[in-house]
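Trainee: I've got a fold open on my screen and I'd like to learn how to read it. Can you walk me through it?

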Amino acid sequence: MKGTSDPYTLVPGDPASPVILHVPHSSRTVPGDVRNGIVLDDAALERELDHITDSHTARIAAEAAVRCAAPPWQFVNQLSRLVIDPERFPDEREEMRAVGMGAVYTRTTHGEPLRPVDDPDRPGPPGLVAEQPLLERYFHPYAAAMTDAVTQRLAAAGRAVIIDVHSYPTDRLPYELHGDGPRPPVCLGTDAFHTPPDLLAHAEKAFAGFGGTGVNSPFAGTYVPLKYYGTDRRVGALMIEIRRDVYMTEPGGPAGPVLARVAAALADLVETVTGTREA
């Protein structure tokens with residue numbers, strides 16, 4: 001198991017639980033040597049972290065876990081997504097590279113320079129001088145560890161269910177490629193191969209009390225390690241995106257009392273998936 005000094009933490013759950021709560025974007029931590037490669041001044045960096053961080057989502061996952069009779073496992077990124085974004089493709093398959101927000105970001109949420117690029121005038125997505133070292137140091141070890149966590153759940157439970165825990169801003173940010181659709185209190189991201197209808201239905205029921213749920217708007221899809229993506233139906237996956245005004249002060253302020261209700265809803269979903277609560 002990775003400890004808290006590592007760039008990710010695997011918090012053990014019940015040995016027989018198939019569920020992994022994946023929390024990739026909750027941290028604001030940027031190591032000093034990585035900070036040196038970011039062109040923003042300190043005040044601008046703090047503002048960017050306010051916008052880009054899924055604040056308090058690690059707390060939501062942790063509080064949900066302790067509410068469960070059979071606690072889920074938790075895989076938590078200990079570093080900011082400004083270091084690397086573990087949920088992006090690390091190559092040209094990633095559509096967010098078009099706005100400088102692939103696995104290693106070169107642009108901010110508002111389209112301003114975040115890191116220097118090798119040739120800003122060349123056609124295609126922005127290129128990054130220091131991309132490969134960051135991928136080797138942080139992205140690939142993270143992906144390998146998450147893959148191992150899923151493999152362990154498959155061996156122990158015969159299946160794995162990844163529930164991505166995210167949040168998103170009430171108002172569209174300039175970087176969003178598909179932000180012109182509905183922005184419900186709870187957005188549920190699905191994958192045609194890895195999200196079975198009953199998993200989606202359970203989530204819609206669990207999160208019905210926050211003013212409505214929507215599917216794949218403004219954010220779509222869910223995270224599955226590439227080893228299993230599109231090939232192994234034993235791996236189920238769903239993304240939970242909580243609109244930030246539901247439970248916190250935006251853009252990067254404190255959580256409010258509704259966070260406890262969000263955690264309880266997530267616990268309901270986990271217990272339904274694990275079979276410790278009736279659907």
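Trainee: What share of the contacts with a separation of 6 or more comes from residues 24 or more positions apart?
Mentor: Contact here means heavy atoms within 4.5 Å. In this protein, residues 24 or more positions apart account for 77% of the contacts with a separation of 6 or more. Keep in mind that this is a predicted model, where local features need pLDDT of at least 70, side-chain atom pairs count only at pLDDT 80 or more, and totals for chains, interfaces and linings use all residues. Residues are numbered from 1 along each chain as its sequence is written, and side-chain values use heavy atoms, leaving out hydrogens and water.

Trainee: What is the strand order in the open sheet?
Mentor: Strands are DSSP runs of E, at least two residues; helices are runs of H or I, at least four, and both are numbered from the N terminus. Two strands pair if DSSP finds at least two bridges between them. Here 7 strands run in the order β1-β3-β2-β4-β7-β5-β6, with mixed pairing. The edge strands, β1 (8–11) and β6 (213–215), each pair on one side only. Strand β5 (residues 186–189) runs parallel to β6, joined by 3 bridges, and Leu 188 stands opposite Val 215 in β6.

Trainee: How is a pair of aromatic rings described?
Mentor: By the distance of the centres and the angle of the planes. Rings of Phe, Tyr and Trp (its six-membered ring) pair if their centres lie within 6.5 Å; planes under 30 degrees apart are stacked, over 60 edge-to-face, the rest tilted. The count here is 5 aromatic pairs. Tyr 8 and Tyr 142 have ring centres 5.8 Å apart and planes at 85°, so they are edge-to-face. Tyr 8 sits in strand β1 and Tyr 142 in helix α4 (residues 131–157), 134 residues apart.

Trainee: Which residues form one aromatic cluster?
Mentor: Tyr 8, Phe 75 and Tyr 142. Phe 75 and Tyr 142 are also edge-to-face, 5.1 Å centre to centre with 80° between the planes. Both Phe 75 and Tyr 142 are buried, and Tyr 8 is buried too.

Note on methods
Buried < 20%, exposed > 50% of the residue type's maximum accessible area, 1.4 Å probe, protein only.
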